[in-house]
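Dear colleague,

Please find below a structure that I am handing over to you, together with its sequence. My findings follow directly after it.

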Amino acid sequence: MDAVEEAKEKGRLLFAKPCEFVLGAATLDGIPQAELSEIAFAGRSNVGKSSLVNALTGRKTLARVSDTPGRTREINFFRLDNRLMLADLPGYGFARASKSDSARWTELVFAYLRGRPNLRRAILLIDSRRGLLKNDIEVMELLDRAAVSYQLVLTKADKLKPNELIAVQSRVAAESVRHGAAHPDLIATSSVSGQGIPELRAELAALAST
Ligand code: GDP
């Protein structure tokens, strides 16, 4: 097995382990102790974040808890095999969000990002069909300011033709090199076809606690 296949196998094994919902936190006081290596998932509402978390963990309903009323403004934590904490950040860019909603989002997320020493990486999800929108770039700037290392991941890659996917990948990659804290590898995923899921599992398993 070469190194890439070995990393994917490690990812597959980790994400086959039990994953459980820990809690949802609406304020910083409510977040769990910083014990395990942690990965945060961020993205616009409807980007496919719940579907991706479910595809990674191979469970259909895990992240649905975040859809229950009142939970959408919370950071939801999932523990994977006592080795990795997955933090599902509230979606942003909701069309009807008021200014004070956006301010609350920024306040909670920025405080979380700044105060989380065990946070190994943020995964910023971008809808392949839309590419980077203004508020995605604002979140990249927030991550730069919080000095959190982050990686862009395209969702819904199955919706694009191969040449369209290449075009959006190169546009997104061109923007990401302008951001100091952005990881250079861009992964295109689909929760429907499974594209990119083994690669993303491999990346995340490499960051897990041992
Ligand atoms: P969230 O709001 O970011 O958690 O987004 P969801 O996971 O709820 O997905 C939003 C919508 O996009 C739903 O209708 C999903 O079925 C759809 N969706 C999510 N991921 C994919 C994908 O990889 N491919 C396609 N074709 N649709 C997807």
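Which residues does L89 touch, not counting residues up to four places away in sequence? The model is a predicted one, and in it L89 touches A40, F41, A42, K49, E74, I75, V109 and Y112. L89 is found in the loop between β4 (84–88) and α3 (99–114). With a relative accessible area of 3%, under the 20% limit, L89 is buried. Its C-alpha atom is 4.7 Å from that of I75, although 14 residues separate L89 and I75 in sequence.

E74, one of the residues that L89 touches, lies in the loop between α2 (49–57) and β3 (75–80). E74 also counts as buried, because its relative accessibility is 14%. Leaving aside neighbours within four places in sequence, E74 is in contact with G24, A25, A26, D88, L89 and P90.

The helix α2 is mostly covered, as seven of its nine residues are buried. The buried residues of α2 are K49, L52, V53, N54, A55, L56 and T57. After α2 comes G58, which has a positive phi near 70 degrees.

Two helix pairs involve α6, and I describe them in turn. Two packed helices are described by the angle between their axes and the distance between the axes.

For α2 and α6, the axes come within 10 Å and cross at roughly 80 degrees. The two helices, α2 and α6, are therefore roughly perpendicular. L52, A55 and L56 of α2 make the contact with I197, L200, R201 and L204 of α6. Sorted by type, the residues of this contact between α2 and α6 are six nonpolar, no polar and one charged.

For α1 (residues 3–15) and α6 (residues 197–205), the axes come within 7 Å, with a crossing angle of roughly 85 degrees. This pair, α1 and α6, is therefore also roughly perpendicular. On the α1 side the contact is made by A7, K8, K10, G11, R12, L14 and F15, and on the α6 side by P198, E199, R201, A202, L204 and A205. Here, in the contact of α1 with α6, the residues divide into seven nonpolar, one polar and five charged.

Where does the ligand have an oxygen atom 2.9 Å from a polar backbone atom? That backbone atom belongs to N46. In V47, a backbone N or O atom lies 3.2 Å from an oxygen atom of the ligand. D158 contributes through its side chain, in which an N or O atom is 2.7 Å from a nitrogen atom of the ligand.

Finally, two backbone angles deserve a mention. Most residues other than glycine have a negative phi. N82, which is not a glycine, has a positive phi of about 55 degrees. N82 is placed in the loop between β3 and β4. Is N82 buried or exposed? N82 is exposed, because its relative accessible area is 58% and exposed means over 50%. K156, likewise a residue other than glycine, has a positive phi near 60 degrees. The place of K156 is in the loop between β6 (150–155) and α5 (162–176).

With kind regards

Definitions and conventions: Residues are numbered from 1 along each chain as its sequence is written. Side-chain values use heavy atoms; hydrogens and water are left out. Helices (H or I, at least four residues) and strands (E, at least two) are DSSP runs, numbered from the N terminus. Buried means under 20% relative accessible area, exposed over 50%, partly exposed in between (1.4 Å probe, protein chains only). Contact means heavy atoms within 4.5 Å. Axes are lines fitted to C-alpha atoms, for helices over the stretch in contact, and angles run from 0 to 180 degrees between N-to-C directions. Angles under 35 degrees count as roughly parallel, over 145 as roughly antiparallel, 65 to 115 as roughly perpendicular and the rest as oblique. Ala, Val, Leu, Ile, Met, Phe, Trp, Tyr, Cys and Pro count as nonpolar, Asp, Glu, Lys and Arg as charged, and the others, Gly among them, as polar. A polar contact is a pair of N or O atoms within 3.5 Å; within protein, one must be able to donate a hydrogen and the other to accept it, and residues adjacent in sequence count only if both atoms are side-chain atoms.
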